[in-house]
Amino acid sequence: MNGDRPIPLAQRYRLLSVVGRGGMGTVWRAYDEMLDRDVAVKQVRLPGRITETERKALCRRLLAEARATAALRHPGVAAVHDVLVEDGRPWIVMEFLPSCSLHRLVGEGGPLGVRRTAQIGAAVLSVLRAAHAAGILHRDVKPSNVLICDDGRVLLTDFGLALHTDRGRGAALQAETMAAGIEGSPAYLAPERVHGRASVEASDLWSLGVTLYTAVEGFSPFLRCHALASMVAVLLGDYAPPVRAGALAPVIEGLLRERPEDRLSAEATARMLAEVADGEPGGATAAVLVAPPERERPKPPRAARVRRALRLPAPLGRRLRPGAVLSVAVLAVVAAGVGTWTARWNSVGKSDAVALRPAAGVVTKMVKYTEAGAYSIRVPAGWQSERRDGVMEWDDRASGRGLRVSPAPGAALDGLRADERRTVSERLYPGYHRLRLEAVPELGENAAEWEFVWNGGPGGRHGGEHVLCSRAAGYAFCFSTPDSHWTPGQRLYDRILRTFRPDRN
């Protein structure tokens with residue numbers, strides 16, 4: 001099936017272009033030739049090998065989605081116009097609204113502001129409350145299912161896993177789902193669902209909490225490299241405390257409580273979101289400058305990437321992260337309790353399988369610089385460079401990003417501590433606030449990192465700067481970027497480090 005088919009779907013819907021893809025299928029922008037209007041058509045993707053029983057189950061699910069969506073008369077839900085079966089597969093025809101998913105919005109533009117996140121969260125919660133009042137559980141709340149329309153509306157879409165709990169059908173459908181395995185996006189599943197227990201209204205609220213965290217922090221708190229690892233993180237409550245959330249932090253933390261009965265109620269959540277949405281604007285920088293004390297801040301999961309980038313051998317006696325041993329035990333519990341650790345993290349959840357790492361500002365063209373007899377590294381094309389006494393500096397005035405590479409013999413941690421003492425004594429960075437300064441054995445022997453923020457210089461250039469200095473392999477790397485764009489900036493920094501090659505001689 002493609003957009004060039006000569007005969008319109010059901011003799012009336014002409015497929016024009018793809019507007020979205022997910023694990024369950026494809027959403028098309030289409031033209032209704034009978035009523036002369038644009039519509040959205042959801043095409044369900046059937047697996048290559050599927051039994052008749054499974055095909056019928058998928059058709060039942062699509063019909064359930066259409067009924068659940070049609071039952072909700074709410075501005076945050078797209079209207080359903082038609083349901084049909086053609087070419088042996090089901091289709092849903094819905095209201096078409098030009099929009100962008102929250103997943104894409106954060107991925108391309110970085111973390112959202114606190115007020116904007118609260119406004120979006122309040123709109124999603126309004127849909128959930130209406131659904132719950134109608135006896136419908138969504139069960140797949142995540143950024144890719146939240147659409148920000150061009151006209152300002154916020155939609156909650158994809159009721160493909162919804163349950164009608166008040167029609168006597170929910171228990172049967174849920175039993176069918178659980179027998180097949182866990183469904184949904186692992187990084188957004190509530191703990192009780194990971195345990196294989198029934199969904200409740202608080203399960204949707206948990207997923208809303210994870211979605212709020214993702215929007216305001218710029219990354220999904222429980223997303224790991226594998227579905228099972230994500231579920232283990234959920235069970236352990238293993239996530240970095242929010243540092244950009246500001247007034248939203250109590251809402252997020254209240255929704256991410258392990259036991260459903262301990263979570264914030266929908267009413268309390270709505271009240272708190274309204275207070276934040278109607279409050280004074282607050283930037284991300286302000287939230288960072290009042291971040292938790294250093295000892296409470298988690299280490300960023302980038303050590304292995306950097307070690308590989310610098311071509312360093314894995315150190316002996318590598319330090320285990322807190323909870324690593326426990327994770328193995330919980331892993332076994334998950335595998336046994338759910339039935340199998342391959343318990344279908346099926347195609348439903350794969351649209352959010354890639355970590356949210358905003359791509360905004362990440363340039364594609366890199367140029368190679370070689371320091372004779374020392375190292376080579378690739379930096380973004382167009383960055384201005386300057387060399388002074390063996391120290392190389394690059395600067396991009398348009399984005400406010402900069403990089404410095406210099407020789408750094410001796411003990412890495414001691415060197416960074418000395419740099420910090422000089423920074424403080426000479427007041428080099430007004431508004432300086434340390435985020436962390438520590439040895440990082442995961443990077444290699446005698447490696448350390450120092451991360452901080454400051455106000456960005458006279459007039460608060462770019463609204464504050466975020467700096468990360470790394471010492472390893474006898475070199476120091478210092479990267480700076482506007483704090484409001486730290487997430488895409490860190491992605492670029494990691495990309496640059498992957499190109500670093502010390503001279504073997």
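Visitor: What should I know before reading the values?

Guide: The model is predicted: local features need pLDDT of at least 70, side-chain atom pairs count only at pLDDT 80 or more, and totals for chains, interfaces and linings use all residues. Residues are numbered from 1 along each chain as its sequence is written, and side-chain values use heavy atoms, with hydrogens and water left out.

Visitor: What is a salt bridge, and how many does the structure hold?

Guide: A salt bridge puts a side-chain nitrogen of Lys or Arg within 4 Å of a carboxyl oxygen of Asp or Glu. The structure holds 21 salt bridges.

Visitor: How is burial read?

Guide: By relative accessible area: buried is under 20%, exposed is over 50%, and partly exposed lies in between (1.4 Å probe, protein chains only). Take D140 and K142, a salt bridge with its closest N and O atoms 3.8 Å apart. D140 is buried, because its relative accessibility is 4%. K142 is buried too, at 1%.

Visitor: Is the pair R388 and E386 buried or partly exposed?

Guide: R388 is partly exposed, with a relative accessible area of 46%. E386 is also partly exposed, at 43%. Their closest N and O atoms are 3.9 Å apart, and they form a salt bridge.

Visitor: Which residues are linked in a network of salt bridges?

Guide: R436, E438, E449 and E451. Within it, the side chains of R436 and E438 meet at 2.9 Å, N to O. R436 has 5% relative accessibility, so it counts as buried. E438 counts as buried at 19%.
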